[in-house]
Amino acid sequence: MNVEAVKKWMILFTEKVNQNKAYLSELDRAIGDGDHGMNMARGTTEVMAALEAKNPATVADVFKLTGMTLVSKVGGASGPLYGSAFISMAKEAGTTDSLLAILQAGLNGIEKRGQAVPGEKTMIDTWQPVIKALAAGNLSEQTIADAVAHTKEIKATKGRASYLGERSIGHLDPGAVSSGYLFETMLEAGVTND
Amino acid sequence: MNVEAVKKWMILFTEKVNQNKAYLSELDRAIGDGDHGMNMARGTTEVMAALEAKNPATVADVFKLTGMTLVSKVGGASGPLYGSAFISMAKEAGTTDSLLAILQAGLNGIEKRGQAVPGEKTMIDTWQPVIKALAAGNLSEQTIADAVAHTKEIKATKGRASYLGERSIGHLDPGAVSSGYLFETMLEAGVTND
Amino acid sequence: MKKIINQPEEVVNDMLEGFVYAHSDLIERIPETGVIIRKQETPHKVALISGGGSGHEPAHAGFVGAGMLSAAVCGPVFTSPTPDQILEAIQKADNGAGVFMVIKNYSGDVMNFDMAKELAEMEDIAVDFIIVDDDIAVEDSTYTAGKRGVAGTVFVHKILGAAAENGASLTEIKALAEKIVPNIKTLGVALSGATAPEVGKPGFTLAEDEIEFGVGIHGEPGYRREKIAPSKALAQEIVSKLKEAFQFKPDEHYGLLVNGLGSTPLMEQYIFTNDVGSLLAAEGLNVDFKKVGDFMTSIDMAGLSLTLIRLEENKWLDYLNVPTKTIAW
Amino acid sequence: MKKIINQPEEVVNDMLEGFVYAHSDLIERIPETGVIIRKQETPHKVALISGGGSGHEPAHAGFVGAGMLSAAVCGPVFTSPTPDQILEAIQKADNGAGVFMVIKNYSGDVMNFDMAKELAEMEDIAVDFIIVDDDIAVEDSTYTAGKRGVAGTVFVHKILGAAAENGASLTEIKALAEKIVPNIKTLGVALSGATAPEVGKPGFTLAEDEIEFGVGIHGEPGYRREKIAPSKALAQEIVSKLKEAFQFKPDEHYGLLVNGLGSTPLMEQYIFTNDVGSLLAAEGLNVDFKKVGDFMTSIDMAGLSLTLIRLEENKWLDYLNVPTKTIAW
Ligand SMILES: Nc1ncnc2c1ncn2[C@@H]1O[C@H](COP(=O)(O)OP(=O)(O)O)[C@@H](O)[C@H]1O
Ligand SMILES: Nc1ncnc2c1ncn2[C@@H]1O[C@H](COP(=O)(O)OP(=O)(O)O)[C@@H](O)[C@H]1O
Ligand SMILES: [Mg+2]
Ligand SMILES: [Mg+2]
Ligand SMILES: [Mg+2]
Ligand SMILES: [Mg+2]
C-alpha cells in the first residue's frame, strides 16, 4: 500500500467531512444529539494538522497517528470507534499490505470497542458490506451508497438512536454516512487492494 | 351618616372592583406589576365576608373592619394605603358625622402612609379632587371621572410606575381608577354629606 | 404559559408546603401564614427577618437558618406580605433581643413592614429595620420612590445574619446595616420577561434578538433595550455602570454576586462571571469574595444581575465567609 | 437562540474559566484540559472521578470537593470527553489508593472512560468503575444500549464520595456502587428542548401546550408526548412509573431528588415536590432524605426529573447526610 495514497485518502476524507459537517449534524439531530458533524470535523481537522506536523513515513504510522488523534480530539461515541478502527488498522498494516485484512482489522476494532454487530444501525452497517464487496472484488461507489442508504431501514439498537426505537426507522445513521465518506474517498485516493 | 348606606357602599364597591378585576390588572401591567385587580378583588371579597360575619353596628365599626381587613388581606402598596385610609376614616367617624371630614381623614391617612402628595400619579389624585369637589358642593360622577382621567397626563414619581419615568405618561394610574370606583359607588349608595 | 403548577392562586401555598416537606430538618412554617421560620434559633440573639412578594426563590425562605435569617415572610407572587403576617414573624422570631427587618425598597414592602413595626412596638417588641436600595438602574432622588432593592439584599442577609449570630445588639446591627447598604450596588440585564402564574403572560416581552438593561425583579422596566450582544459586551456595560456608581479606585476590595434571574443556566452565568472577572482585574480591584447562581430570581425571567459590595472593612469579608446552615446560600 | 455567551465554540472553556475564577478556594483546572480537580485531596483515599459532556451544570464540576468527587472531566457540550483527558484526571487524582470512575450509561462515555482505564492500567494505576443507568424511561435489554444515566448519578457521587472520604478501599467502593445503583431510578418530564450553543436550535420542540415524559438529558426523546397537565398529574404519572419499577412496599425507606433541568424555576420544583410527597406518603413509604434544585441539567431545558433511591442500608442515608465541601451539593 502506498503511503502517499493513504495520506491523500486522509486529506480527501477530511475535506468531505468538513463539506458535509452541517449535513452530518442534521442527520444526528434527527436521531441523536446533533453533533456528529462537529465531532468528525474537529477530529479530522486535527488529523490533518498532526499529519502535516509529524509527516509519518509508513502507512502504519499514518493510521496510528490518525487513530490516536481521533481518540484524543473527537470524544463522544464516534471518537473511540473511529480511533479504535485506525489503531487496529495500524497494527495490521505493520504486518500486512492487504487492504482487505487492514479494513477487516478496523471493523474488528469497532466491534470490540462498541460491542455492536451488523444490523444495529451503526457505522458497522457501512463497514461490513464494504469489506464484503472488497473481498468479492466488486467494491464501487454504488455498493457504498447502497450500504449507507440501507441504514434507513434499520431500527437502531445501539448508540443514542436506540432510544428512539421504532422511530429511528426512516433515518440514515450519521456514523454510517461518515463511514461512507471514508470509503468513497478511499476509492478516490486510489487506495486499492493491490 | 347612615350605617346601612355605608354597608351598601362597601357592597357596591366590592362588586365594581370584581367586575373590573381584569381591567385593573391590565392597567397595572402597563405601568406596574399587573396585580392591582387581583389585590383589590381579594381584599374587598374578604371585606364582604368580614362584614357579613361580624355585622358591625356603627359607621366607625364598618370602616374599621374594612380597613383592618384590607390591611391584612391585600398586601402590596394598595393594602396599607386603602387600609390606612379606612382606619383613619373610622377614627374620624367616631367623633363626627361629616362625610367631608371623614374623607379628608382618609386622605390624610394615605398621604401619611405613602409619603406622597397630589400630582405624583397615585390614588391621591382621585381622592384630593373628589374631596375638593365635595367641599365645594359639586361632586358628581363627572368630577370623579375627570380626576381619574387626569392621571393619564401625570408622570409618576411614587409607586412602581415611577420606575418608568416619562414612559408612565399616557397611562391611567390603576390605584386612581380603583379609587374612582370607590367614590362612584359612594354616590350610588347614597352616602352623602348630610 | 407552560408551568408545573396546580391552581395559579395556590402556587405560593403549594410551594411553601413543598419547601417545608423538603427541608423539615431546618425550617418550619407558621401554620396558616406565609412565614418560614428556622427550627433552632440561637437564644438571646437579635432575630433577623426579611421577606416580600414570592417569585424570587430561593429568596427569601432559602436563606432562613443559622447564620442568616430567623424568618422569611412570603407574600403572594410579586406582592408584599401584609402587616399581620410580618407581625407573626416578628413575634415568633423574637428572642428578647429585638428584631431587625431587612426591607427591599418597594413602596408596598416599605409600608407593610412599617405597619408591622408599629404593631410590634405596641407589644413592646424592639424592632428596627434597614431599607435596601442597591439597584443602580433607577435614579435616586427625593422626588421618586428611589432605587429598588434587588439581589444585593442577599449580601445584607448574609452579613447581618453573621453579625447577629455573633451576638451583635440591635443597635450594632442597625449601625452595620447603615454602613454596608450604601456599599452594595447591583445592575441586571433581562433576556425575557417573567410570567406570574395568576397573570398568565409575561410582564414584558422582548424580541428574539433583544435584551433590556436595568430591569427590576418584578418585571419593572429597565433603562435601555438593545440587540443581544456577546457576554463580554454585557459585562462591559454593567461593569462600567457599576464603576461609575462606585467610583472604582485601584486596590479597593470587593465581593461579587452573579445572580441568575430564574431560567438562565449556570453555563451562561459562569461565562459572564469570567468576563466580569477580567474587567474587574483590569480595574486593579481585589475581588475577595465570589458567588454565582440563582439567589434572587424573578420567577422564570432569563437574564442575570451583577452585585458588587465594596468591602470597606475586613470584618465584612469574614461575615461573608462564615458558614451558614441554610438551604440556598 | 438568545444566550449570554461569546463564541459558541468557546462556551466550555469560558465557563470553566469562570468556574475556576469563582471557586479558586476549592478547585482548580488542570491547564489545557477540561479537568476540574479539588485543591485539597484527602491523602491515601480512593479518588472518585466522574464527568461527561458539558451542559449539565452544576454537574459534574460542582460536585468536586471533600466528600464527593476528586475530579470531574468536562467534555464539549453533550459530547463525552476523550480518553486522554480522563487519563489526566486519573493520574492527577490518584493518591495511590486507586481511582474509581462513575460513568453514566451513554455509548460515548462508556467507551471513552473504558479506553482511559486501559491507558491508566498501562501506568499501573488501579482503576475500577460503575456504570449508572437510572433512567427508567428507556427499556433495558441486552439488545439495546440499555438505560441511560441521568440525575440519579448525583446520589452515586454523594454516597461513594462519602465512603471514599471515610477510607473505603477500591474494592469496597466497587461493591457499594454495585449495591446502590440498582436501587436508584429516575424519570423526567420536559416542557421544552435544550439548545446547545453550537447547534443553535433546540434538540426538539414542543408545542405551547405540550410536554414529553421520559426525555434524556441530551435531548433524547421520551416515551410519550401529551398536553400539559397540572403538577399533581405529572407527579402521578412519574411516581406510578417509579412504583412499578421499584415495586414499592409500605414502610420501605427512600431518598428523593427533584432535579430541575435548567430553566425551570424553584417555585415549580417545590410545587412538584409537594405533590410527589403526598403520593409517596399515600404509598406508606418513609422518605428520609430530600433534595430539590438544579443538579443535573440539560442546558436550558424546561422540566424536571424525580429520582428515588431505595435506602436498603442505614449507612447509605448517613452517607447522603454527611456534609461536603462542594459548590453545588
Ligand atoms: N456501539 C456502537 N457501535 C458502533 N457504532 C456506534 C455505536 N454507538 C454509536 N455508534 C455510531 O456513532 C455515531 C454517532 O456518533 P457521534 O454523534 O459523533 O457521537 P455521540 O452519539 O456520542 O454524540 C452513530 O451514528 C453510530 O454510527
Ligand atoms: N406612595 C404611594 N402613595 C399613594 N398611592 C400609592 C403609592 N404607591 C403606590 N400607590 C398606589 O398603589 C397602586 C398600586 O397598587 P398595587 O398594584 O395593588 O400594589 P403594588 O404596586 O405593590 O403591586 C398605584 O396605582 C398607586 O395608585
Ligand atoms: Mg451525536
Ligand atoms: Mg401592582
Ligand atoms: Mg404587586
Ligand atoms: Mg454527542
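This report describes a ligand site, a metal site and the chain contacts of a predicted model.

Residues are numbered from 1 along each chain as its sequence is written, while chains are lettered from A and ligands numbered from 1 in the order in which they are written. Because the model is predicted, local features need pLDDT of at least 70 and side-chain atom pairs count only at pLDDT 80 or more, although totals for chains, interfaces and linings use all residues, and side-chain values use heavy atoms, with hydrogens and water left out.

## The site of ligand 2

Around ligand 2 there are 19 residues, of which B:Asp33, B:Asp35, B:Ala77, B:Ser78 and B:Asp173 come nearest; a residue is near a molecule if one of its heavy atoms lies within 4 Å of it. By class, this shell holds 6 nonpolar, 8 polar and 5 charged residues, where Ala, Val, Leu, Ile, Met, Phe, Trp, Tyr, Cys and Pro count as nonpolar, Asp, Glu, Lys and Arg as charged, and the others, Gly among them, as polar.

| Side chain | Distance to an oxygen atom of ligand 2 |
|---|---|
| B:Asp28 | 3.1 Å |
| B:Asp33 | 2.8 Å |
| B:Arg160 | 3.2 Å |

Taken alone, ligand 2 exposes 570 Å², and the protein buries 96% of that area, as computed by the Shrake-Rupley method with a 1.4 Å probe. Helix 3 (36–54), helix 5 (78–93) and helix 9 (174–188) of chain B are the elements that give two or more residues to the shell, and the largest share, 3 residues, comes from helix 9 of chain B. Helices here are DSSP runs (H or I) of at least four residues, and strands are runs (E) of at least two, numbered from the N terminus.

## Chain A and its metal site

Donors are N, O and S atoms within 2.8 Å of the metal (3.2 Å for Na, K and Ca), and water is not among the atoms, so sites may look incomplete. A:Asp33 also bridges this ion and the magnesium ion (ligand 6), the two lying 3.6 Å apart.

## Contacts between chains

Of the 3 pairs of chains in contact, chains C and D share the most contacts, contact meaning heavy atoms within 4.5 Å. Chain A and chain B do not touch, with their nearest C-alpha atoms 40 Å apart.

Methods. A polar contact is a pair of N or O atoms within 3.5 Å; within protein, one must be able to donate a hydrogen and the other to accept it, and residues adjacent in sequence count only if both atoms are side-chain atoms.
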